[in-house]
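Please read this note with the structure open beside it. The points can be checked one at a time.

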Amino acid sequence: MSLVALNHVGVTLGGRSVLTDVSFEINTGEIVTIVGPNGSGKSTMLRVIIGAVPPNSGSVTRKAGLKIGYVPQKLHIDPTLPMTVRRFLSLPRRVSDNAADMALTETGAGHLHDRQMADLSGGQFQRVLLARALLAKPDLLILDEATQGLDQPGSADFYDHIDRVRRDFGCAVLMVSHELHVVMAASDRVICLNGHVCCQGEPEHVASAPEYRALFGTGTHGALALYRHEHSHTHDACDDEVCDHDHTHAPAHHTHHGDRP
Ligand SMILES: Nc1ncnc2c1ncn2[C@@H]1O[C@H](COP(=O)(O)OP(=O)(O)OP(=O)(O)O)[C@@H](O)[C@H]1O
């Protein structure tokens, strides 16, 4: 059984349709990334999954007892408020020293235990947020542009920790990322969103989809070159994945469902 399934979810906010007919599921242990332009509904979709935004139509099914760890895009902490990393991990619920130490070690932040939150670098801060999300021992870890503002080595290092977390915890990971080159390498599945699901599937399938190219062009740091190199044979890319496009290799026959809302 899947961890979470969205069935024809629609969301209207402030009288405007933000998500339309969104369906997909997340299964145990997989890394799924959502890509899409600004304002395409990525954060809203994550908020639907964690239950913070109720869908106006369709439904969300969560596995019974599902535990979700959430790493937000940003978290503002008043810089004048003295707060150590250790104390931060006990908010809002007190956790044992042992649990705090294990979570910090897991994310490579063990040495930050006694540091002030306000003094952390961007990369250190994100690792502490990740450690905090792990305290729930999640089945599903959700990251909303968690590497925004980190430099390339910093974000590569962060994704290494995500990979390690997935292995150690056996959890699924759902993330929003604008770093397409990283996404293409690190994800089992990519969902391309633009108010609706334009296309989804294995990274190389999505990278070659006309809907994806229409949104992101072909300059995705080698993702397409990789596709051409490894997948130059003829195949039916939609055999095993849900693509809502006709994925033949003859562009004239492509059916476009990726119209912008
Ligand atoms: N509470 C709200 N009330 C009205 N409109 C909202 C609300 N929250 C989000 N929206 C609108 O919904 C659309 C999708 O927003 P969302 O934050 O989900 O997009 P996103 O893909 O995560 O964008 P970005 O890449 O810029 O973070 C935007 O047009 C946004 O203005």
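The numbered points below go from the whole chain to its parts.

1. This is a predicted model. The protein has nine helices and nine strands. Of its 261 residues, 40% are buried. Counting contacts between residues at least 6 apart in sequence, 69% link residues that are at least 24 apart.

2. After α1 comes Gly51, which has a positive phi, near 90 degrees.

3. Strand β1 (residues 4–13) has two pairings to trace. With strand β2 (residues 16–26) the pairing is antiparallel and runs over seven bridges; Val11 has Leu19 as its bridge partner in β2. With strand β4 (residues 57–62) β1 is again antiparallel, over five bridges, and here Gly10 is bridged to Ser57.

4. Is strand β6 buried or exposed? Five of the five residues in β6 (residues 140–144) are buried, so the strand is mostly covered when buried is taken to mean 20 or more other C-beta atoms within 10 Å. Side chains in a regular strand alternate between the two faces of the sheet. In β6, Leu140, Ile142 and Asp144 lie on one side, Leu141 and Leu143 lie on the other, and both faces are covered.

5. Next, the neighbours of β6. Strand β5 (residues 68–71) pairs with β6 in the parallel sense over four bridges, with Ile68 bridged to Leu140. On β7 (residues 172–176) the pairing with β6 is also parallel, over five bridges, and Leu141 is bridged to Val173. Between β6 and β7 the chain passes through helix α5 (residues 152–169), and this β-α-β crossover is right-handed.

6. The largest nonpolar core has 68 residues, and those touching the most other members are Leu140, Ile142, Val173 and Cys192. Helix α4 (residues 122–134) gives this core its largest share, seven residues. Apart from neighbours within four places in sequence, Val173 is in contact with Ile31, Leu141, Leu143, Ile162 and Arg166.

7. Last, Gly110, which sits in the loop between α3 (97–106) and α4. Why does Gly110 count as partly exposed? Gly110 has 15 C-beta neighbours inside 10 Å, and the partly exposed class lies between the cut-offs of 12 or fewer for exposed and 20 or more for buried. Beyond residues up to four places away in sequence, Gly110 touches Asp101, Leu104 and Thr105. The C-alpha atoms of Gly110 and Val128 are 9.4 Å apart, with the two residues 18 apart along the chain.

Notes: Residues are numbered from 1 along each chain as its sequence is written. This is a predicted model: local features need pLDDT of at least 70, side-chain atom pairs count only at pLDDT 80 or more; totals for chains, interfaces and linings use all residues. Two residues are in contact if their C-beta atoms, placed from the backbone, lie within 7 Å. A nonpolar core is a set of buried Ala, Val, Leu, Ile, Met, Phe, Trp, Tyr and Cys residues joined through C-beta atoms within 7 Å. Two strands pair if DSSP finds at least two bridges between them. A crossover is right-handed if, with the strands pointing away from the viewer, the path from the first strand over the helix to the second runs clockwise.
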